[in-house]
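Reader: I would like to go through this model term by term. Please set each value against its cut-off.

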Amino acid sequence: QVQLAESGGGLVQAGGSLRLSCAASGSILSISAMGWYRQAPGKQRELVASINSRSTMYADSVKGRFTISADNAKNTVSLQMNSLKPEDTAYYYCNVGAVVATPAMSYLEVWGQGTLVTVSS
């Protein structure tokens, strides 16, 4: 099994910054991609940013404000969020695609439990 530990959520004022971090642990052979999703009340979960060995992707609503990065040696992914807006308020979820060795070699998509980001106006 693969487990994700998320941290960095909290309450900030509009225009402020937060940095979210997610660390993957378990019997991991490799990680193919990491990403952050968010879900606000009354809305579907949406992809905020993702990163793999080839590229990064961002939702249009966060381009220029958020930056995703990964430390492959530590199996971690971070999301630096600047110039936060009230509409960024949501639960943020880490997502990791990993190749594991046990119980059999396979590909797993794993979700974190979520961390709350609240941006006040």
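This is a predicted model: local features need pLDDT of at least 70, side-chain atom pairs count only at pLDDT 80 or more; totals for chains, interfaces and linings use all residues.

Reader: Why is Ser83 called partly exposed?

Author: The relative accessible area of Ser83 is 42%. Buried means under 20%, exposed over 50%, and partly exposed in between, with a 1.4 Å probe and protein chains only. Residues are numbered from 1 along each chain as its sequence is written, and side-chain values use heavy atoms, with hydrogens and water left out.

Reader: Where is Ser83, and what is its phi?

Author: Ser83 belongs to the loop between S8 and S9. Its phi is near 50°, which is positive although the residue is not glycine. Asn75 also has a positive phi, of about 55°, and is not a glycine; Asn75 is in the loop between strand S7 (66–71) and S8. Strands here are DSSP runs of E with at least two residues, and helices are runs of H or I with at least four; both are numbered from the N terminus.

Reader: What makes the contact between Glu46 and Arg38 a salt bridge?

Author: The distance from N to O is 2.8 Å. A salt bridge is a side-chain nitrogen of Lys or Arg within 4 Å of a carboxyl oxygen of Asp or Glu. The pair qualifies, because 2.8 Å is within 4 Å. Glu46 is partly exposed at 33% relative accessible area, whereas Arg38 is buried at 6%.

Reader: How do you know that Asp88 forms a salt bridge with Arg38?

Author: The closest N and O atoms of Asp88 and Arg38 are 3.0 Å apart, and the limit is 4 Å. The pair is therefore a salt bridge.

Reader: Which residues are linked in the network of salt bridges, and how many salt bridges does the structure hold?

Author: The network links Arg38, Glu46, Arg65 and Asp88. The structure holds four salt bridges. One of the pairs that meet in a salt bridge is Asp60 and Lys63, at 3.0 Å from N to O. Asp60 is called exposed because its relative accessibility is 65%, and the limit is over 50%.

Reader: Why does buried Glu6 have no salt bridge?

Author: The nearest side chain of opposite charge, Arg45, is 8.2 Å away. Lys and Arg count as positive and Asp and Glu as negative, while His and the chain ends are not counted. The pair of Glu6 and Arg45 is therefore not a salt bridge, as 8.2 Å is not within 4 Å.

Reader: What does the side chain of Glu6 reach?

Author: Glu6, in strand S1 (residues 2–7), reaches the backbone nitrogen of Cys94 at 2.5 Å. A polar atom of the Glu6 side chain also lies 3.3 Å from the backbone nitrogen of Gln113. A polar contact is a pair of N or O atoms within 3.5 Å; within protein, one must be able to donate a hydrogen and the other to accept it, and residues adjacent in sequence count only if both atoms are side-chain atoms. Beyond four places in sequence, Glu6 touches residues including Trp36, Tyr92 and Thr115, where contact means heavy atoms within 4.5 Å.

Reader: Why is Thr115 called buried?

Author: Thr115 has a relative accessible area of 12%, and buried means under 20%. Thr115 lies in strand S11 (residues 115–120). A polar atom of the Thr115 side chain is 3.4 Å from the backbone nitrogen of Gly9.

Reader: What makes Arg45 sit over the ring of Tyr93?

Author: The charged end of Arg45 is 3.8 Å from the centre of the Tyr93 ring. A charge sits over a ring if NZ of Lys or CZ of Arg is within 6 Å of the ring centre and within 35 degrees of the ring normal. The charged end of Arg45 also sits over the ring of Trp111, at 4.8 Å from its centre.
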